[in-house]
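Subject: Structure handover, salt bridges

Hi,

Here is the structure we spoke about.

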Amino acid sequence: MKLNIALLAGDGIGPEVIDQAVKVSDAVAQKFGHDITWKPALTGAAAIDAVGEPYPDETHEVCANADAVLFGAIGDPRFDNDPSAKVRPEQGLLKMRKKLGLFANVRPTFTFPSLIDKSPLKRDRIEGTDLIILRELTGGVYFGERGRLNDGDTAFDTMTYHRFEIERLAKKGFEMALKRGKRLCCVDKANVLEASRLWRETVQAMEKDYPEVEVTYEFVDAVAMRLIQWPKGYDVIITANLFGDILTDEASVISGSMGLMPSSSVGSEVSLYEPIHGSYPQAAGKDIANPLATVLSAAMLFEDKGLSEEAQAIRNVVNKSLAEGIVTEDLAEGGKAYKTSEVGDWLAKNI
Ligand code: IPM
Ligand code: MG
């Protein structure tokens with residue numbers, strides 16, 4: 001297969017972890033006879049520095065014309081501590097999601113056999129966890145009306161959802177549940193928020209089309225607790241943008257490190273693959289960040305292209321590296337800590 005992949009390394013550790021995913025993907029392509037062309041493009045603070053804009057039109061062109069987008073991370077402390085900044089790297093990420101129509105963010109949470117004891121949670125609680133949080137990605141409070149009132153001391157952000165936005169996400173959730181454990185949980189705050197009541201109403205109306213799927217409705221605050229208390233209670237969760245942002249960071253604790261969990265963002269056209277972690281600026285340039293979340297995001301890319309064997313080859317080599325202790329410092333715990341690039345080299349060699 002010929003694949004044109006847009007490569008958006010972004011900020012912080014982005015370029016380092018992306019490099020490893022490229023090495024591993026190239027090794028897979030070589031082994032299975034595929035032809036990958038990488039198309040690098042600027043995004044985030046890197047793009048602001050270069051052209052004054054975090055998601056330039058040229059980058060959008062590259063993404064829109066690619067077969068998939070592989071993305072590193074976005075964010076820079078220079079902007080975090082400056083609330084008056086006119087342009088921010090994160091705006092690039094939101095603009096990219098919106099312009100590429102990536103309305104569904106698929107964030108799986110699972111455990112690795114050799115890492116169960118690295119999680120701060122007890123083994124019997126988490127062993128066998130296999131859930132997916134399907135986060136709405138182009139609506140809600142991230143994109144609703146916001147501003148300051150004239151007094152300058154009052155600010156507002158609004159959570160707006162249209163029925164079609166909920167329907168198209170829920171449809172993906174139902175379809176995903178059908179292929180998995182046939183359980184779907186709609187997570188909202190319907191006891192307080194009108195937008196959440198529309199979520200419930202919409203999903204309830206869809207239940208009859210998926211009689212095999214068992215649907216439950218839970219409040220997000222309760223899910224924040226149950227998710228780490230008994231993660232095996234969940235199969236597919238569908239939820240709004242902000243709730244999904246928060247719950248997926250929380251869920252990553254189950255696997256043992258934030259550096260492990262991949263994600264895909266899908267819509268109607270091109271899909272994007274990225275680690276769920278951020279730009280980890282403290283580690284930038286030090287060659288210490290865990291590249292596995294990005295490498296596993298590349299595996300999701302192969303899987304979505306129908307290349308399951310290739311995806312499995314990546315997951316297998318990742319499991320092997322963990323079992324053999326070829327890990328970065330976040331997982332080394334007193335043992336030898338390998339560099340980001342060394343882990344990437346080892347994975348590529350062992351594919
Ligand atoms: C994520 C990140 C982003 C988000 C930030 C960087 C804007 O936290 O992808 O989860 O909030 O969506
Ligand atoms: Mg987040």
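The count comes to 20 salt bridges. Keep in mind that this is a predicted model. Side chains of opposite charge can pair when their charged atoms come close.

Asp-235 and Arg-180: their side chains form a salt bridge, 2.9 Å from N to O. Asp-235 sits in the loop between α9 (220-229) and β10 (236-239). Arg-180 sits in the loop between α7 (163-179) and β8 (183-188). The pair therefore ties together parts that are 55 residues apart in sequence. Asp-235 is buried, because its relative accessibility is 5% and the cut-off is under 20%. Arg-180 is partly exposed at 25%.

Glu-194 and Arg-197: this is a salt bridge too, with the closest N and O atoms 2.9 Å apart. Both residues belong to helix α8 (residues 194-206). They are three residues apart, so about one helical turn separates them. Glu-194 counts as exposed, with 56% relative accessibility. Arg-197 is partly exposed at 34%.

Asp-117 and Arg-123: the side chains meet in a salt bridge at 3.1 Å, N to O. Asp-117 is exposed, because its 59% relative accessibility is over the 50% cut-off. Arg-123 has a relative accessible area of 37% and counts as partly exposed.

Now the network. Which residues does it link? Salt bridges join Asp-49, Asp-76 and Arg-78 in a network.

Best regards

Methods: Residues numbered from 1 in each chain as written. Chains lettered and ligands numbered in written order. Predicted model: local features only at pLDDT ≥ 70, side-chain atom pairs only at ≥ 80, totals over all residues. Heavy atoms only, no water. Salt bridge = Lys/Arg side-chain N within 4 Å of Asp/Glu carboxyl O. Buried < 20%, exposed > 50% of the residue type's maximum accessible area, 1.4 Å probe, protein only. Helix = DSSP H or I, 4+ residues; strand = E, 2+ residues; numbered from the N terminus.
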